Structure formats: structure tokens, C-alpha cells
Amino acid sequence: MWLFAAAIFLVALALRLIFLLYSRDRFWPHSTYFEGDAPLFAHWAAALDRGERFEEGLPLHSPAVAYLMHWFAAPGGPRDWPLPARDFLALKCAWCGLSAATSAVFFVLAARTVGLRAAWAAVMLLMFSFGSYVTAASLNSETPYAFVVVALVALTTWFADLKRRGAIASLVCLAVALGVLHGLGCLLRAEHPLLVVLLACGMIASPARGLPQPAIVADPRRGRGWLSVGTTVLMIATMVGVCLPWTLAARAAIDRMNRETTLPPDYEHAAIAWTDDARRLVDAMPAFARADNVRYVSDTLARAGRKQVSGGEVEAFLRRQFDYIPAPLSRRVFVSSQGPLAFALANHPKADGGFSKAALDARFEPDPSLQMTLPSHLRLYNDGYAAGWRSIGSDPAAWLGLVGRKLTRFAAGATLGVGATNWPVGRSGTRAAVDLATPLPGGVWCVWQTLWGVALASGVYVAAKRRVGGLWLLVIAYKLAVTVAFFGYARQAVSIAPAFCLLAALAVDRLVRFLPARLAGPRIGYGCVLMVLAVMLATDLAIARRPAEMRIRGPARPATHWAPNAFESNQSIDILLEAPAKTK
């Protein structure tokens, strides 16, 4: 089994390194097919190098990838590289290693839970998944998160087995290991606490047969409850401990923003006079919001001919202009504070299902960035859940249509093609804002998605009938819930690709059972595996050595600070492949 896993690791690593090392974007932090948050993480890492605060230290994003860049990707770029960048290529190679390790661990887990034949089918789908190629070549959180999820499912499965055998000492060690992994998951993805809750419920609900009950308590039911709750609490406490340094730093940054400022309001040079009660109103605002709002109120009222403003007039003005009086930043943060803001943005009536800024006040710039000093932006940061629910309640039917668009994007990530060519749908595609590229609409894409849909539905049926894969169904349910509540991303589905591969493999395994015994034997099976491996390796290498020319259609801006040919775009673009470049 472990020899098979080692071989899978080496083959998967070779496939991903071929895809990476022959690509035109290997020195960028991101890639042509997947930009995501990688440039932001790279800028964050550069700020850490300089000992500076990034985004004032506010916990707007999960920090793990930025710190990994800071610790393990040396500043300065490759040898003889003319730009003062960072050696992203070395870290991308590590990402490829993590992606390959995910395939290897997934195979061992699948073999022990659904059988060897289904495990081979599942790992073949995962190894050759175009989505896993793309995420391994871009320094976003999806690749390490996929490894964490597979490891969590493996250890949670092992936990249930140990619980049945009553191995209490091993359970305690395993609960600590699970807590560490959950902590890493939280530092990688802001939505991970939901999976913590689901898997913790699974741990508590798992049976605990064979426990040495008299050694614990007289009542066996109480013994099982003690063991389940105690180990789960230990796991959660360990997770909190892993995240605690970041949580404390985040709350310190929030307190600093609320209480300290280097630019107090300049009442003496304001365009109008401020009464004492008006100044008291401003002093009650968080420190970071005072100066800009005093300046804006003063300039606006001065243009209207006013000479003086009172506290009541300031409050009325701000409510009329922004429907909000600046309040302190919320300290309710564990790892990331973007939840309320993302909920409001994702469920705005003008949102399109993916990342959208439609809910942000754009009166001062057409493509607004988050400005905490702007009351309308601060309202979404602090009270975004209430704003999002108001949007949903104002037109539930329109919101259901929005949910459909979110799920469509998610489904696109779950049904990508295979190999470096993204067969059969091809590598031309649309890359939505902050997401990875998905194929252009067409007949082949529609048929391919239908086949995947049938395979996944059949896999769910087989899993229910065989009573396997329950944890993977929880993982899928968790990502679906996140998609419905927040943004619809293809990258969300790719980050849990093992779950979809397992379900499809169960359907394939069920079909193989109908074949004659001479065609379903292990020799035929291993022969098919070797043939597919040879074909995929040869195809990927041939494609890599004759790269196609890419044409970008849409708003893209040069990013030559990463590499001479680099570009970035925070909007939707099309990636169109031309004929392969001719070699002399």
C-alpha cells in the first residue's frame, strides 16, 4: 500500500512540475489561470520582510500563505533575476509537492475505506485533475488547504476506529493532532470553523463500542459521552491555541485603530466652525474615522454656504449621506473579520454570484477599495450580516436566482477536465474575479458537466448504500453552505476535489462490477492504470514542450514588478489559446 502511495506521489509530483516549469508564469506569485489572492499575499509578505504592518494589521484575510511566503520564499528572486522580487518558483515547487502528497494520502485513505479498485479510480481522477494542476502552480491557499482537508478526514476516520477499540491514550494524542490541523485550516481559510463544527459533531456521534467502561464510570452511556465530549473539547482547545497568537495580534490591531491616530481632526483649519457638541460627537467615533469625516463634513457644508455645524447637524448629515455613524471596529474576530463584509457583498441585489463590489459605495471612485474611514463601507464591515439579510429579505426570489448563479460557478470547479490540456473541454476559458479559469460555454463542456453530474449523483447513491464516505459528504455540504451564503467560486470546489473524485470513483467501481470477471481482474486493472499513466505523462510533456500562445481578452494591467510578462486583473477576463508556437 505504501509503495503504491510513494509511486503516486512521484508521478503526481512529476506531472505538476512539468506543468509548472514549462509555464510562462512560473516566476509570478500567481498564474495566468488562477490569480486569486496570491499578489495580495506577496505584498503582505514583502511588508513582513520590511517589518511593516500590512493593511494596518487588520485581520481582513487569512494569514497563513503570506507568512509562508515570508518564512520560506527568500526575497530577491532567482539568481541573475533582474527584478527585486521573491523566489516564488521555489515555493511553487513546494506547492506541487503538497498537491502530490494530497494524492498519496488520499489513496491510502480511500483504499482503507472504499476498497482498492475504487481508490485507484479516485486517485487517478485527482492526480490528473486540471484544477489540481492549476492550484499547485499558484500561491493561493487551495493547495495546502486540500492537503489539510484530506489529512483531517483521514485522522477523523482513524479517530472513529480508535474510539470503537477504546484506545483512550491514542485518542488523546489524535485529538491534539486534529486540533493542530484544524488550526492550520482556520489560518488558511476563513470559513473553516464551519467544517470544525461538522466534523466535531461527527466525532461525537461516532459509535464507541468496546470501551473498557467499568474503568471509566459505571454507566456505559456516560462513559461514551465523556470520551466523545472530552476529546472534542481537547481538539477545539488545541485549535484555538494554534490560532491564538494571530487572534491576539488581530485584536490588538483593531484596538489600535479604534483608539490611536497620528492625524487628529484639524478643527482650527476646518472650512466651518465646529461647536463643542459636534466635537464631542466626533470624539465618540473611532480614532481612525475622525479626521476624514471632519474634513468631508466641513468641505461639503461649506460649499452649501454653512458657517458652523452642531452635533445634531453632523449626525443628521452622516445618516443622510451614509446611513451610518462611524462606530468602532468590531473585536469579534477569531482569524478573519471579513465575514460580515463578504456576506453583504455576496448577497447584494446587483451581485453576479462571484466576487462583487456592487454593495460598496462607489461615489468617490468607480472601482472602490475598502475604505474604513468611509461610513458606508464601515457599516458593511461591522454590520454586514444585517445588511445582507435585508438584501435577501427585500426580494427572496431574486436571491434564489443569485444562489443558482453561485452554485453554477461552484459546479464549474467540480467538473474541470483532466491533464495539462484540460481534456476534453480545452484550456481556453474565462477567469472570473479572484477565481480560477473555467472553460468557455459550449456543447462539449455541457456534455462533460452532465457526465460528471451523473457520476456524482450515482456516487452519492452508492456511498449511502455502502455506508461509506460520510465525512466527505460533510465536507461537500460545508462548501455548499459557504457558497450559498457567500461568494460562488470554482476555487471552492477545487479545494475539496478529493471528495468529488471519491464519489465519481464509487460510481465507476459499481459499473466495473457488472463486467465479466476476466475483464474486472487486478491484472487488467493495473494494466489500465499503467497505460493511462504513460499516456498522460507523454501528453503533458508534449504539450509543455510546445506551449500554445495565449491571448488575454479583458481588463488586464501589466505587473512587471513580478516578471516582464506578468499581468494582473481583478475583473473577469477570457484566456484564449492560439496554435502552438512553432519550434525551429
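Me: Which residues of helix 5 meet helix 20?
Reply: Start with the terms. Helices (H or I, at least four residues) and strands (E, at least two) are DSSP runs, numbered from the N terminus. Contact means heavy atoms within 4.5 Å. From helix 5, Arg 117, Ala 118, Ala 121, Ala 122, Leu 125 and Leu 126 take part. Their partners in helix 20 include Ala 497, Pro 498, Cys 501, Leu 502 and Asp 509. This is a predicted model: local features need pLDDT of at least 70, side-chain atom pairs count only at pLDDT 80 or more, and totals for chains, interfaces and linings use all residues. Residues are numbered from 1 along each chain as its sequence is written, and side-chain values use heavy atoms, with hydrogens and water left out.

Me: At what angle do helix 5 and helix 20 pack?
Reply: Two packed helices are described by the angle between their axes and the distance between the axes. Axes are lines fitted to C-alpha atoms, for helices over the stretch in contact, and angles run from 0 to 180 degrees between N-to-C directions. Helix 5 (residues 116-127) and helix 20 pack at about 135°, with axes 8 Å apart. That makes helix 5 oblique to helix 20. Angles under 35 degrees count as roughly parallel, over 145 as roughly antiparallel, 65 to 115 as roughly perpendicular and the rest as oblique.

Me: Is the crossing of helix 18 and helix 20 left-handed or right-handed?
Reply: A crossing is left-handed if the near helix is turned anticlockwise from the far one by less than a right angle, and right-handed if clockwise. Helix 18 and helix 20 cross left-handed. Helix 5 passes helix 20 in a right-handed crossing. For helix 18 (residues 470-485) and helix 20, the angle is about 130° and the axes are 9 Å apart. Helix 18 is therefore oblique to helix 20. Trp 472, Leu 473 and Ile 476 of helix 18 make the contact, with Phe 500 and Leu 503 among the residues of helix 20.

Me: Which residues touch the most other members of the largest nonpolar core?
Reply: In soluble globular proteins, nonpolar side chains tend to be buried together. A nonpolar core is a set of buried Ala, Val, Leu, Ile, Met, Phe, Trp, Tyr and Cys residues joined through side-chain atoms within 4.5 Å. Buried means under 20% relative accessible area, exposed over 50%, partly exposed in between (1.4 Å probe, protein chains only). The largest core has 128 residues, and Met 69, Phe 106, Met 127, Phe 128, Trp 472, Phe 500 and Leu 506 touch the most other members. Helix 4 (residues 88-114) gives the most to this core, with 14 residues. Another core, of 18 residues, lies apart from it, with Tyr 267 and Trp 274 among its members.

Me: How many salt bridges are there?
Reply: Side chains of opposite charge can pair when their charged atoms come close. A salt bridge is a side-chain nitrogen of Lys or Arg within 4 Å of a carboxyl oxygen of Asp or Glu. The count comes to 20. Asp 37, Glu 142, Arg 189, Glu 191, Lys 479 and Arg 491 are linked in a network of them.

Me: What does the salt bridge of Arg 466 and Asp 509 tie together?
Reply: Arg 466 and Asp 509 meet at 3.4 Å, N to O. Arg 466 lies in helix 17 (residues 443-466) and Asp 509 in helix 20 (residues 497-512), so the pair ties together parts that are 43 residues apart in sequence. Arg 466 is partly exposed, at 31%. Asp 509 is buried, at 5%.
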